[in-house]
Amino acid sequence: MRRTVWVLAGLAAVLAGLWAALPSLVAWQGEASLDEQEGRLALPGLEGPASIRRDALGVPLVEAASVEDLALATGYAMAEDRLAQMVGMTLVAQGRLSEMAGVTTFPLDVYMRTLGVSGIAREHYAALPSDLQQVLQRFADGVNAYIDGHRDRLPFGLSGYQPEPWTPHDSMNIYVLLNLGLSLNLHQELAFLAAANRVGPERAAWLFPVMPDEPLPFAEARKLVLPAQAGLGARAEALAALDDQLEAALLPLGLAASNNWAIAPSRTAGGASILANDTHLMLDHPPMWMQIQMRAPGYNAAGVAIAGVPGVVAGYNGHVAWGMTMVMADGQDLFVERLWRGRDGNLRYKDGDAWHKLRYRGEEVRIRGRDQPVRLVIRETHRGPLLDDALQGPAINPLQPVETVRGKDDDYAMSLAWTVREPDNSLVALWRLASATSADEARAAARDIRYIHLNIVYADREHVGWQVTGRYPVRKAGTGKFPSPGWTGEYDWVGWRQVDELPALQDPPAGFIGTANDRKLPAAQAALLSQSWFAPERGERIDALLSARRDHTRDTVIAMQADQHNVFGLKLRAALLGEPLAAQLHAAIGKLPDADRLRATEAYAVLSAWDGDMRAASATAAIFGLFEHALPREAFLDELGPEDSAAFRALAQDHLIAYSATQDHLLQRADSPFWDDVRTTGVSETKADIIARALVAAVRDAEARMGSDRAQWQWGKVHTYHWRSPATQMRPYLPWLERLLVGRLGGWLDRGPFPAGGDHNTLNVAGFEVGRSLDVKTVPAMRLVVDFSQAEPLSLVIAGGQSGNPASPHYADGIPLYLSTQGRSQPFNDRAAMHAHFARVKTLVPAPRAPEPERQRGE
């Protein structure tokens, strides 16, 4: 017994030591994968001299003597910085993440196999001209040179994953995955079905407004009337839950928000154009964007890129600057299909008067740690795949929806029509845009971008312009905002909008153009593009600041990007002070118990005097933020709850991507049925009653989080930036041991928290899931400014570090600069200044070619 006790005690001590040493062991492994940033490297496949120069933050300048060598060297540089991120994204796109991550991500793989992202990517690759295919191949050669040279020390942590050789299809996988991540309507249509499952389609329409000046979409909601046994609501909730997991695994669905603007020379102090862009994405670590400068005869540009895809997505090339926001376009439609199994045993779907056979494709998903693959069968209509098939397969993961959710054969199912399924040469157009030498050339290139829906703002020294891009379906009927019955055929797509129908503007009379995912057109014209716009306040703030002066400079533009003034908050203040709501609210507050009446009165007084400033240090901003957080809980949770239900989660997420029910109900909708709390009996609550409750809840929440001393209240104490790695974000879905290990490594993988100002309505966005969490979820993922009056026009900052390796000194060294909201000049035009800035040089030379084997006689 004594010996057993000593053995157990010794084992416990060893385990405790290993547990304490775990971060150091993993850090040592990460450091082993890092290379020196200076020196000489013989690179297989290189035809001529090249170099990778880096600046103090690790940002690379890649130079080569040809575009082909530039692509190869860029592949090597990107792999140095972000190989794990690149491999993760292509595995997500292919539905193969379980090969690296194990059983946890199996449901996501089934989802991606159902969508067919990798097959779509192959079709897009096949449509590319041979010269761009060659660029992608040379880029792949560079990635593989890095992989082959680091096989014993690749940056895949404890998993020990060994990636396959990179191919051009991997780059195209990421290219198509980007479209999926920034597509809006699939997420909203699933959210609508989840809400309708709880409250019915008529009431659900109250939760998905179009814009403040447009009617609620009741007619669109009424087009789909199904029997209760159809079961689509439960399946939509299950698919929405997969969205949450996919977001944690690298890719948010339906996240689209950004700012950009271009100022004509007539409104600048330097007499030359200024362009600004800040794209809003998830607060991830590493960030989605990486900085890069690429120089070779035939391609010369600096800006941001997506790891795994060669080329600058937004930036500056010495002649032209360009940036982008999402249009909020409706390029995805859910169709409810009516199924029937005929006497011959074949399953069919109804299309007008005809019944067509479904198409089938087989898939095999391999899972780390399991010998046998899981075989799937995906069914498709002429519109697209049946999303119900994303819910199939054995429930090998406790977080995976059970198989029975999928529905019966003689039932209804949901198919997805998606504009990206149409191959085109948009990648060629993006490459041309980065090489444009004038505003006219930039506009011509932008017009040919069809696969993704963007507001592209561009400028040269003398001109500014705006071009909407993308492919927009022409529908027989309906708007596509909510799911349509497919069996009637009356809501089908019958073609595409012509490019000349898309909004465009060059050298506007106002002297500027700005976009913020808001509706830039009259309602009737805008409906051809979408009925899911972002709230108008960021766009209104941009227009107000740009029109206020005619002496804009780089500094004034950078200050705009840092702006934390909340226009929506001032609209709310006016509504609270206006009649009849003010009188009704005073009466409602008067009916509260004494302690709650004091809290509500305090919050009302604070908000009534607010100037809209949402700085992190502001106590009033804390009251506003907590009030806005409380409102959906008081108004909607009684019918959409519990808090972790798919319906309520979808409502909270919708607040980040579109003009939301919370904002709409606060500014209007006194007649909404959601003001009545269904949990109470014998009383029908009014808008004033629920707002009074939310005022009380805001002060209670502030007291609980920050104490009773009002002098200590600050918005940034409850609203924080926290850079979290994909492993940390996936932690809630992991098995217990892996969850424990990732938690132990959190201090090494993650950074924060840091105080945050602003919210989803400020130019310096710090969006959060209103009603669910105050943690910052969306941020400006980069801040780009190009002032053509400067000798070096480019200023660029990203939201985090350049490297995806936590052991790298450049994993998080960009965060302090980002938090400062200051710009960072990047030399481009002066070669000497550029080389001085990018001072650490890795010289690349062609590797000696292996001698060809001697040919035998007779061969």
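Which residue forms a salt bridge with Lys842, and how far apart are the closest N and O atoms? The partner is Glu80, with the closest N and O atoms 2.5 Å apart, where a salt bridge is taken as a side-chain nitrogen of Lys or Arg within 4 Å of a carboxyl oxygen of Asp or Glu. Because Lys842 lies in strand E28 (residues 840–846) and Glu80 in helix H2 (residues 67–94), the pair ties together parts that are 762 residues apart in sequence; helices (H or I, at least four residues) and strands (E, at least two) are DSSP runs, numbered from the N terminus. By this rule the count of salt bridges comes to 58.

The model is predicted, with local features needing pLDDT of at least 70 and side-chain atom pairs counting only at pLDDT 80 or more, while totals for chains, interfaces and linings use all residues. Residues are numbered from 1 along each chain as its sequence is written, and side-chain values use heavy atoms, with hydrogens and water left out.

The structure holds twelve cavities of 30 Å³ or more, a cavity being a set of points on a 1 Å grid over the protein atoms alone where a 1.4 Å probe fits but cannot get out, with lining residues having an atom within 4 Å of a point. The largest cavity contains about 370 Å³ of space, a volume being the space filled by probe spheres set on the points, which are joined across faces, edges and corners. Its lining has 27 residues, and Leu178, Trp289, Ile306, Val313 and Met324 lie nearest the centre. Among the elements that give two or more residues to this lining are helix H7 (168–181) and helix H12 (426–434). By class, the lining has 22 nonpolar, five polar and no charged residues, with Ala, Val, Leu, Ile, Met, Phe, Trp, Tyr, Cys and Pro counted as nonpolar, Asp, Glu, Lys and Arg as charged, and the others, Gly among them, as polar.

In H12, Ala429, Arg432 and Leu433 meet Ala442, Ala444 and Ala445 of H13, contact meaning heavy atoms within 4.5 Å. This contact has five nonpolar, no polar and one charged residues.

| Cis peptide bond | Omega |
|---|---|
| Gly641 to Pro642 | near 10° |
| Gly752 to Pro753 | about 5° |

Pro642 lies in the loop between helix H21 (637–640) and helix H22 (646–657), whereas Pro753 is in strand E24 (residues 751–755). Arg669, although not a glycine, has a positive phi of about 65°.

Definitions and conventions: On a 1 Å grid over the protein atoms alone, a cavity is a set of points where a 1.4 Å probe fits but cannot get out, and a pocket is an open set with protein on both sides within 12 Å along at least five of seven lines; lining residues have an atom within 4 Å of a point.
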